[in-house]
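Good morning, colleagues. I would ask you to keep the sequence and the structure in view while I speak.

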Amino acid sequence: FRDADVWAVGDIGVQRGLEIALGRCSARTMRRVAAAFAPYRSFLALYMWRLLDGAPARSGRADSRRPV
């Protein structure tokens, strides 16, 4: 990485990764969590994206996890 301290709160991959790790959280909470990783927040973002590789697909429907 050219800059190891980039944290994009608006990045959907970062948001979904944090949702997997911590549950839903606000942009303010996302910034507080990321502050603990400064000056290496880019690597935290990379780990958040990698969490998505193993995450189930999201359909947007509340009942999508129910077996048929």
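**The core and the helices around it**

The largest nonpolar core consists of nine residues: Trp7, Val9, Val14, Leu18, Met30, Ala34, Leu44, Ala45 and Met48. At least two residues of this core come from each of H1, H2 and H3, and H3 gives the largest share, three residues. As a general remark, nonpolar side chains tend to be buried together in soluble globular proteins. Please bear in mind that we are looking at a predicted model.

The protein has three helices and zero strands, and its elements follow the order α-α-α from the N terminus. There are 68 residues in the protein, of which 19% count as buried. The protein exposes about 5300 Å², and 55% of that is supplied by carbon and sulfur atoms. Among the contacts with a separation of 6 or more, 69% are between residues 24 or more positions apart.

I turn now to H3, which covers residues 41-53. Does its length agree with its residue count, or disagree? With 13 residues at 1.5 Å a residue, helix H3 should span 18 Å, and its end C-alpha atoms are 19 Å apart, which agrees.

Which residues of H3 are buried? They are Ser42, Leu44, Ala45 and Met48. These residues lie on the same side of H3, because the arc they cover around the axis is only 160°. In an α-helix there are 3.6 residues a turn, so residues three or four places apart point the same way. The face of H3 turned away from the buried side carries Tyr47, Arg50 and Asp53, which are exposed. The cover over the buried residues of H3 includes H1 and helix H2 (27-35).

Serine 42 counts as buried because its relative accessibility is 8%, below the 20% cut-off. A polar atom of the serine 42 side chain lies 2.8 Å from the backbone oxygen of aspartate 3.

Next, H1. Its buried residues include Gly13, Val14, Gly17, Leu18 and Glu19, and H2 and H3 are among the elements that cover the buried residues of H1. At the N-terminal end, H1 is capped by aspartate 11, with a side-chain oxygen 2.7 Å from the backbone nitrogen of glycine 13. After H1 comes glycine 23, whose phi is positive, near 90°.

Aspartate 11 counts as partly exposed because its relative accessibility is 24%. What joins the side chains of aspartate 11 and tryptophan 49? A polar contact of 3.1 Å joins them. Along the chain these two residues are 38 residues apart, while their C-alpha atoms are separated by 9.8 Å.

Two further local details complete the account. Valine 9, a member of the nonpolar core, is in contact with Gln15, Ala27, Met30 and Arg31, leaving aside its neighbours within four places in sequence. In the loop between H2 and H3 we find proline 39. The peptide bond from alanine 38 to proline 39 is cis, with omega near 5°.

Thank you for your attention.

Terms used
Residues are numbered from 1 along each chain as its sequence is written. This is a predicted model: local features need pLDDT of at least 70, side-chain atom pairs count only at pLDDT 80 or more; totals for chains, interfaces and linings use all residues. Side-chain values use heavy atoms; hydrogens and water are left out. Buried means under 20% relative accessible area, exposed over 50%, partly exposed in between (1.4 Å probe, protein chains only). A polar contact is a pair of N or O atoms within 3.5 Å; within protein, one must be able to donate a hydrogen and the other to accept it, and residues adjacent in sequence count only if both atoms are side-chain atoms. Helices (H or I, at least four residues) and strands (E, at least two) are DSSP runs, numbered from the N terminus. The expected span of a helix is 1.5 Å times one less than its number of residues. The arc is that of the directions from the helix axis to the C-beta atoms. Contact means heavy atoms within 4.5 Å. Accessible areas come from the Shrake-Rupley method with a 1.4 Å probe; for residues, only the protein chains shown count as cover. A nonpolar core is a set of buried Ala, Val, Leu, Ile, Met, Phe, Trp, Tyr and Cys residues joined through side-chain atoms within 4.5 Å.
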